[in-house]
Amino acid sequence: MLKTLRKSLFVAALGGVAITGCAALPSDSSSSETVIAQRITITGHATYRERIALAPGYVFNVTLSDVSISDHAAPVLAKTTRTLGTEQVPLSFKMDVDTSETSSNGKYAIRATLTDPLGNLEWTTDTTNTLTLDAGGQDVGTLLMAKAAPDGPNDAELAARLRANQWRVESINGGGVVDNAKVTIVFQTDGRLGGSSGCNSYNGAYSIENERLHIRGVATSLRACAPALMDMERKFLIALDGAATLNFDQDGRLTLQSSDGQSVTVISAN
């Protein structure tokens, strides 16, 4: 009888352990719900004011970045991209954001862009559109895009354009050159330049940095010529030595201009 009673108590105790173990299961379900709650959805539209139709093949991008720390590259938290067919602005977007590494005190910005089928940026939001990340998600309304400024040539492209021609001087500080005077500039591939300054020959060195021209060490031969020719030569060498900016026009002319406004305009002599 005593043994039977002990056995019954032991079985009941085991049953209690099993029940207690089962009671712990809901905590796993609670953890799963927390993970789901860490994702929010951001929706909105993007458009531009101009009445310009988009050709098929444009790529629409929307990114959300963390801009909390200034002077640092902003990490992208979420991104949505799609290639357009016949769709036109306003373009809708929907983006899921993982907020597990965000802060209620953080600063976040959303940006929309359109690139053409070759990958060139055509349209972009040009103002900072900031938002807070609310737990329930949000609609940011309509983002306004502007026409992107075309990328200018880089240093290598500018150097290649300079070296592609022998240049004949057409004007100095807005005035013409002396009749029958030969004033030329040749930019060589080794970083040297030279040519005729009208009376003498000259040479020097050049470089292009951040799309600005730097000319240094210009020296000439010592031949004497007529006063008018010597005066033109002097003006040319001063303007050339101070040249800093490069401006190509639609007719192929190139103007070298210094910071104090002196200029030399050349045209291809090829």
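Which strands does helix 4 (residues 227-241) lie across, and at about what angle does helix 4 run to strand 13? The model is a predicted one, in which local features need pLDDT of at least 70 and side-chain atom pairs count only at pLDDT 80 or more, while totals for chains, interfaces and linings use all residues. Residues are numbered from 1 along each chain as its sequence is written, and side-chain values use heavy atoms, with hydrogens and water left out.

Helix 4 lies across strand 9, strand 10, strand 11 (192-196), strand 12, strand 13, strand 14, strand 15 and strand 16, and runs at about 140° to strand 13. Here helices (H or I, at least four residues) and strands (E, at least two) are DSSP runs numbered from the N terminus, and axes are lines fitted to C-alpha atoms, for helices over the stretch in contact, with angles from 0 to 180 degrees between N-to-C directions.

These strands belong to an open sheet of eight, in the order 13-12-11-10-9-16-15-14, with antiparallel pairing (two strands pair if DSSP finds at least two bridges between them). Strand 13 and strand 14 stand at the edges with a single partner strand each, so one side of each is left without a neighbour in the sheet. From one strand to the next the twist averages 30°. Within the sheet, strand 15 and strand 16 (residues 263-268) run antiparallel and are joined by four bridges, and Gln-257 has Ser-263 in strand 16 as its bridge partner.

Helix 3 (residues 155-163) has Leu-158, Ala-159 and Leu-162 buried, where buried means under 20% relative accessible area with a 1.4 Å probe, protein chains only. These residues cover an arc of only 100° around the axis, which puts them on the same side of helix 3; the arc is that of the directions from the helix axis to the C-beta atoms. The buried residues of helix 3 pack against strands including strand 9 (166-172) and strand 12 (201-209), contact meaning heavy atoms within 4.5 Å. Helix 3 runs at about 155° to strand 12.

Aromatic pairs, with ring centres within 6.5 Å and called edge-to-face when the planes are over 60 degrees apart, number four. Among them, Phe-187 and Tyr-206 are edge-to-face, at 5.1 Å centre to centre and 80° between the planes. Phe-187 lies in strand 10 and Tyr-206 in strand 12, so this pair ties together parts 19 residues apart in sequence. Both Phe-187 and Tyr-206 are buried.

How values were computed
Buried means under 20% relative accessible area, exposed over 50%, partly exposed in between (1.4 Å probe, protein chains only). Rings of Phe, Tyr and Trp (its six-membered ring) pair if their centres lie within 6.5 Å; planes under 30 degrees apart count as stacked, over 60 as edge-to-face and the rest as tilted.
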